[in-house]
Amino acid sequence: MNDDKVYSLSNVEFLADLTAAELTELASDFEWEKYDKGSEIIRQGQEQHFFYILIKGKADVTVAKEGRSWLLNSLGPGATFGEFSLLTSKSAKKTIVCQEECWVLALEAESFARMLLRWPKLYLTFIGKLTGELNEANLILSEAKYKEILRSTLQLTQYKDKFYGLWGGLRTTKEVERKLEELAHPEGHLLLTGERGTGRQMMAWYVHQRQSGKSAPFVVVEGQRFDQQWRDLIKESVDTKDSSVLYNSNLFDIAEGGTLFIREINLISPHTQHKLAQALNLQKNKCFVIGSLPAEPDDLGRIIIPELRECFAHTYEITPLRERKRDIPILAQGFLEKLAQKNHRNVPTLNKEATQLLLSHHYQQGNVSELIQVIERAFYIADQDVIGLEQIFFGPTSEKSGHTINLLAWPKVEKVLKNGAFIAWTRRVTIVGFSALVLLLLLSPEIAVRTKIFTLVWGLWWPALAIISPFLGRLWCTVCPFSSIMDFVQKRFHKNRPIPKFIMKYDFLIISFLFLLIFWIEVFTNMRSSPSYTVILLISIQVTAILVGITYPRHTWCRHFCPLGGFIGTASIGSMLEVRADATVCLNKCTTFDCYVGKGNVPGCPMSQHLPYLDNNLDCKLCFNCVRNCPNGSVQVNLRFAGREVWHLVRVNQGYAFFIGVMLAILIPLNYFEPLQGIWPSTVWKLWFSLFYWASALLGGTLAWLIAKPFKTKAASLRVKLIFALTPLVLAGHIMYQVAFIPGVHSLFLGIGYVTSSGLLSLNIPFTSMAKGIAAAFGLVLTGITVAIVLLRTKKKRATRLKLERA
C-alpha cells in the first residue's frame, strides 16, 4: 500500500522536486481515505484540519455566503486543499464536496507541520499557492480579513526567535546602535548589503522594532520567487463604485504600518524591478521597505536597475566576520549564554584551543550564521561545561562521491545492525576468548604452545588484520576486546576529564611511537615464540586502555592512543566499507544530535564524530551506534569502490602522513635484518637492528611530514593526498612481511608441471614468494592508480576554478 502512496505522490506537481527516498519517507505519514459521491471532505466552519491530495475523482469547492452556496472551483486528480486552514489555524472557509467517488491522501496537522520543517521549499510553494488563489479568497473573506491571514502566514518567515541580538564587541555594538538610532525615523527606504550570513535580516528586524515596534507587521518575501509570487501584487488599488467587486490587495497593504523586507532584491527580474520601483514611488509610505543585497555598495548599479536603486535613500554595509575577528569570542560566548538560559543549563565555556580554532577559521561559507551553527551544535553535543576541539565542526559537510550500495536497504542487514544484539554477543565472545587466552598464557603457557593456540594468535591474527582491514575497514575495532573491556570499566568508573591539548594535537605522534615501540619489542624479544612476553604485552595494553578510559571521555584510547587502531584506521581509508550520513537530512531535520549524544541505552559516537561531517574511515570504528540512534534514517552503511576515499579527502587527521612515512620506512630494516638474525650474534644483531629501525622510522616520518606539510584545521592538500595515496603500498609491504609468520606457510608450494619429450618437468613455487609477489603487485598498481587519479582530479578542479575566475 505504501508503494501505491509513493507512486501517487510522485505524480503531484508540487512534490516534483523531492527524490524517491524523500517521497517514500513522506508517504509513510499519509493515509488513504475514500469518499462517496455527494459526501463532504471538508465542511465550511470545520475546526479540525487536515491536508488533502485528491488522487482519484472530482470535487467542487463551494462557499456559503449570505444564505447562498457559491461554486468557486472544481478540482481534479493532483489538486491539494486544506493547507489554508493549517497555515492560518482558522476554521475552514470553504466546503469540498465530491461529485463522484473520490480517493484522497490525508495528512494530519502535526505531520503537515513536520513536512514543512523537513522540506522548507514546500512551504514556499504553499505561499505561492495562497497568492495564486487570491481572487478565490477575496470572494470568501473581506479584504481586511484576507490581509490579516496572509500577513500572519508570511510572518512565519521572520524567524525572530533565531535572532540572538548580539553584534560583537563594544566597538561593533556602538556602531550598530548608532545606525539603528539614525534609522529610527528615516526619510526613504533602506538597502542592506553584505555577504550571506552577516546578519542582514536581523538588522532589518531591529530597524523595524525601532521604527514600528514588535506588534507591527514584519513581512519577509524572497527575491528569488518574487516574480512568480508577488509581481501581480505590486500595483495600486483601483477605485470602483461597484462594491460587489473585490480587488487583490496590494503587497504594500499587507505590510501596512510595518516593514516589508525583500531578501536578495537583486534576484528580481529587471522588468519586475522596474514595476517595483514605480510602485515604491506611489505607495505613499504605507510601509517601510528594506532590501538586502549580497554585494559591495560600488556594485549596486550592476545588480539592480537605477530606477529601483534611487528608491532607497539609505545604504548600510555589514562587515564580514573574518574582518572583525575580535568579535568572535564575544559572539560565541554570548550565544552560549543565551542557549544555556533557554535550555536551563549551566553556561559552558570555550577552552583556549576551541577559541583559537574559531579565530583561525575564515567563515566564508556563512559568516555569523556559520558561527551560530557551529556554536549551537557544540552546545547541544557537549557533555561537559567546557567545549573543546572535539565539539567544534567546521567546513563543508561530507558529500557523496561516486556510486555506493547501501547495505541498510536490505531488511535483514538493517534489522541486525539496528537491533545490536548480534554485535553485543560477538563482543562478549571476543572478551571471553581474550580472557581465556590471557589466563592460559599466565597459568599454563605450555598448553597454549602445545595446542598451537599461541602460534595461531601470532601467526594468523596479525596478518589477518593487515589483509582484511584494507577491504572491510576497522571491523576488528567493532569487537575488539581491549575496547570492550575498557568500555565496561569506564561505564562504572570515570573521571571524564577534558582531553589535554597535547594529546589532541599530537595524537599521531603518540600512536606512531606506541606502534614503533610495540613492533620493536615484538622483534627484539622474539615475542612470537615467548608466551610470557606476549601475556605481559596484552595485559599492559589492556591496563593502559582502562586507565585512559577512566580518565578521559568516550573511547579516547581508540582514537588518540591505540597503535593497532592507528594501523587499522590508516588501512581502512581505502576500504570498501563505510558509514556515512545524508548531510542534508542531518542539518535540516535533526535537532537532537542523537548520533553524537546517544539515546536511551545506546551511547553516542565513541570516537566523538558528528556524522554529517564524517568523510573518511580513519576514526570510524564501525560500532554502528549511529545506525541505532538516528531517528531520521539518515545513516547509510555503504559498499564502495576500494581506494576511492583517498581522492576525496577533506577533513582527515593530516598528521597521519607522519605515521604512513613511519610504517613505510620500517619495512626496510625489518626485511633487511630478518635473514641476518640467524647469522649474526644475537647482541650484535639486536644493536644494529635497533639503530637502523629507529633511525629509519624517524627519517621516514620526518620526510613524509616535510613533503605533506600537514595542517590539521584545513582541508587536505594535494601533498597530503599523495602521501595517503601510498597507503596501499605500505599495507602491501606489511602483508609481505607478515605472510612469512603464518603457521605452515613454508610447507606450501604451487606446482606447475608440463610434459616434454624427455618426460614430465615441474616447477614448484613457494607459497610465501607467490603471496609476496601478489601483494607487491596489488600495492604498486593500486598506489599508481590512486596517485594518478588524485593528480587528475586536482588538475580538473584547478582548470574549473580558473575558468570560473576568468568568467
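Which residue meets Asp327 in a salt bridge between side chains? The partner is Arg324, with 3.1 Å from N to O. A salt bridge here is a side-chain nitrogen of Lys or Arg within 4 Å of a carboxyl oxygen of Asp or Glu.

The model is predicted: local features need pLDDT of at least 70, side-chain atom pairs count only at pLDDT 80 or more, and totals for chains, interfaces and linings use all residues. Residues are numbered from 1 along each chain as its sequence is written, and side-chain values use heavy atoms, with hydrogens and water left out.

**View A. Salt bridge of Asp327 and Arg324.** Both residues, Asp327 and Arg324, are buried (under 20% relative accessible area; exposed is over 50%, partly exposed in between; 1.4 Å probe, protein chains only).

**View B. Salt bridge of Arg210 and Glu177.** The N to O distance is 2.5 Å. Arg210 belongs to helix α9 (residues 200–212) and Glu177 to helix α8 (residues 170–182), so the pair links distant parts of the chain, 33 residues apart. Helices (H or I, at least four residues) and strands (E, at least two) are DSSP runs, numbered from the N terminus. Arg210 is partly exposed at 34% relative accessible area, and Glu177 is partly exposed at 31%.

**View C. Salt bridge of Glu222 and Arg263.** Here N and O are 3.2 Å apart. Because Glu222 lies in strand β10 (residues 218–222) and Arg263 in strand β11 (residues 259–263), the pair ties together parts 41 residues apart in sequence. Relative accessibility is 25% for Glu222, partly exposed, and 26% for Arg263, also partly exposed.
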